[in-house]
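Hi,

Here is the structure I promised to pass on. Have a look at it first, and then read my notes below.

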Amino acid sequence: MSQHSTTYVPKSAFGRWFESRLPIAGLVHSSFVAFPVPRNLTYFWTFGAILVFMLVSQIVTGVFLAMYYTPNAAMAFQSVEHIMRDVNYGWLIRYLHANGASMFFIAVYIHIFRNFYYGSYKAPREVLYILGVIIFILMMATAFMGYVLPWGQMSFWGATVITNLFSAIPVVGETIVHYLWGGYSVGNPTLNRFFSLHYLLPFMIAGVVILHIWALHVPGQNNPTGIPIKSGKDAVPFTPYATIKDIFAVVVFMIFFAYWVFYIPNYLGHADNYIPANPAVTPAHIVPEWYFLPFYAILRAIPDKLGGVIAMFSAILIWVFMPWLDTSKVRSTAYRPLYKQFFWVFVAVCVLLGWLGSRPAEGWYVIASQICTVYYFAHFLIVLPVLGFVERPLPLPNSILESVMGVQKGGAGMPAGANAEPQSKG
Amino acid sequence: MAETTTHVAEPTRRDFLYIATGAAAAVGGATLVWPFIQSLAPDAATKAAGAPVEVDLTPIAEGQIVKIFWRGNLIFIRHRSAQEIKAAQDVNVASLRDPQADSERVKNGKDQWLVVYGNCTHLGCVPLGNAGEYNGWFCPCHGSVFDTSGRVRGGPAPINLPIPPYSFVSDTKLIIGQEATA
Ligand code: HEM
Ligand code: FES
């Protein structure tokens, strides 16, 4: 948006009249039609579009659910059963919403690890990346509060355990928790306010998404080589190339989504959540939704209440510092032979933590969680800073074009040092 | 600010007005936030629901744990056996994470009645009775262990199960939510 001027020229007299008053068509044209997209993007770059689709899907299904749902502790569980049994297609809307949350997280995790692999968090995209971390935190808060709404056993005990995390704060912890609950335990006031916030937060996410896309359109997209667009030959226009590819990816993702909704709609849920909330009995084995499991494993790995809570929140907050912890000048892991191995170890550790989070906190599971937790933090605090100094990256291609088409014979090669980017120091 | 209004380096009357206006706006804004934050606190009805409750102890057999609610909180009333009382008393208090003698956790002469809050002091799950290494409680959520006095003996829970305010009206009747005045 900033570097390339709009090529948009309104065709009709009305178009010109309107554009001179609200230049929105020009904005759309420069952002989503003429916008230059690196020609070598893979399908990993379609997850942004998939995420936008999932956000819209959650909002639309959620607005309809809210028409039939009752946010009252005495009626919430019944009203969800009413949605499932009586409301026309209520089962479909609810299953789309409940599984949609999981699909949203599958997409966001792929999107995040894509960004870790290709170094998209590095200069000049730090703000863009941090906005992404904020979106992720808002998504977690939204999904957590949504899961409380059906007011089943998992809803109730999940809410109890997670809100109690704040009781670990010294001195004021207990007061904060009473303010979160609006009482002395999780109860009707808690459900009411969670419903209000569950409705609000997705629209805040939508706002941050707009900032995220805005920040993206300043430096433009990263790409598998990590080197920037240097000439028109490195890029293709957003429309039709990215538009059609994104739509295709969204449709494929919809098929995947539909498989869960129509064949295994309760696979990712917990049977205990079909038992109404009972404050006198905790289910024998409480686990959060799958997308929280790695963080839950970190919480339980630390045998101290406050320490566990700090470790869990740090595990996410440390992402914010990644652009500065990674000292390598090379963005894409494709050109970082050593880091590539550490990257996959890190992915394996995250998956393992997720699995450990689903196991009971006993015996060797605890020890394994502790080892993985130490490694998780070591990845950020030791591997990322040190590798930048000791690793010898592979030679980078001269241009995106060259990486796709091979070195052009007879063409003017890039002079040495042309890869240097003055704006991405540090 | 000073440069744009005047060339004297000394603060002017206008600077003072700017700062005073800004300060008034900040105080006003903060004051307006207060009622909204306060509205989140437990409301009057929730507090009023904390009226004391009476519990008849006669049907509670030795070894039994009864669950009741007061102020929305779960409370265990445990009728301890002689063996459980002895186990609770024969402990090196100094070795505990949250050191407290059993005698400080029951009413004088009522050793058989243990009254404690029923939510784990870790993250609030309901521990299972007559379970765990000390046969007191075991919390399935993250593995906290409590003894027959409700004191934490293992796992991530930082403190003992707290004691709610209560008193004996008679030998067989408890009132929870009210300490004896005498
Ligand atoms: C970021 C987007 C959103 C996410 C990740 C999300 C997530 C969730 C989750 C995990 C549940 C529990 C589903 C279940 O097990 O039954 C839920 C329930 C619910 N959500 Fe959302 N939600 C989102 C947006 C919205 C919006 C925008 C609304 C309202 C306008 C909404 C309204 C509801 C309602 C009424 C329920 C309770 C009914 C039910 O449990 O099926 N949601 N949400
Ligand atoms: S809630 Fe009991 S051990 Fe965590």
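The lining of the largest cavity is made up of A297(A), R300(A), A301(A), L356(A), P360(A), A361(A), Y365(A), V366(A) and S369(A). By a cavity I mean a set of points, on a 1 Å grid over the protein atoms alone, where a 1.4 Å probe fits but cannot get out; lining residues have an atom within 4 Å of a point. Two helices of chain A, α11 (293-301) and α15 (363-390), each give at least two residues to that lining. (Helices are DSSP runs of H or I with at least four residues, strands are runs of E with at least two, and both are numbered from the N terminus.) Sorted by class, the cavity lining comes to seven nonpolar, one polar and one charged residues. Here Ala, Val, Leu, Ile, Met, Phe, Trp, Tyr, Cys and Pro count as nonpolar, Asp, Glu, Lys and Arg as charged, and the others, Gly among them, as polar. The volume of the largest cavity is about 60 Å³, and the structure has one cavity of 30 Å³ or more. A volume is the space filled by probe spheres set on the grid points, which are joined across faces, edges and corners.

Before you go further: this is a predicted model, where local features need pLDDT of at least 70 and side-chain atom pairs count only at pLDDT 80 or more, while totals for chains, interfaces and linings use all residues. Residues are numbered from 1 along each chain as its sequence is written, chains are lettered from A and ligands numbered from 1 in the order in which they are written, and side-chain values use heavy atoms, with hydrogens and water left out.

Now the pocket (an open set of points with protein on both sides within 12 Å along at least five of seven lines). The largest pocket holds about 1,000 Å³ of space. It is lined by 47 residues, and the closest to its centre are W45(A), G48(A), A49(A), H111(A) and L216(A). Elements that supply two or more lining residues are β1 (36-38), α3 (47-68), α5, α6, α9 (188-216) and α10 of chain A. Of these, α10(A) gives the most, with eight residues. The pocket lining splits into 29 nonpolar, 13 polar and five charged residues.

On to where the chains meet: 27 residues of chain B are in contact (heavy atoms within 4.5 Å) with 25 residues of chain A. Between them about 2,100 Å² is buried, and carbon and sulfur atoms give 61% of that. On the chain B side, α2 (13-38), α3 (44-48), β2 (65-70) and β3 (73-79) each give two or more residues. Buried area is the accessible area (1.4 Å probe) that two parts lose on being put together, summed over both.

Last, some backbone details. A123(A) and P124(A) are joined by a cis peptide bond with omega about 5°, and P124(A) sits in the loop between α5 (90-117) and α6 (126-148) of chain A. Another cis bond runs from T239(A) to P240(A), with omega near 10°; P240(A) is in helix α10 (residues 238-263) of chain A.

Cheers
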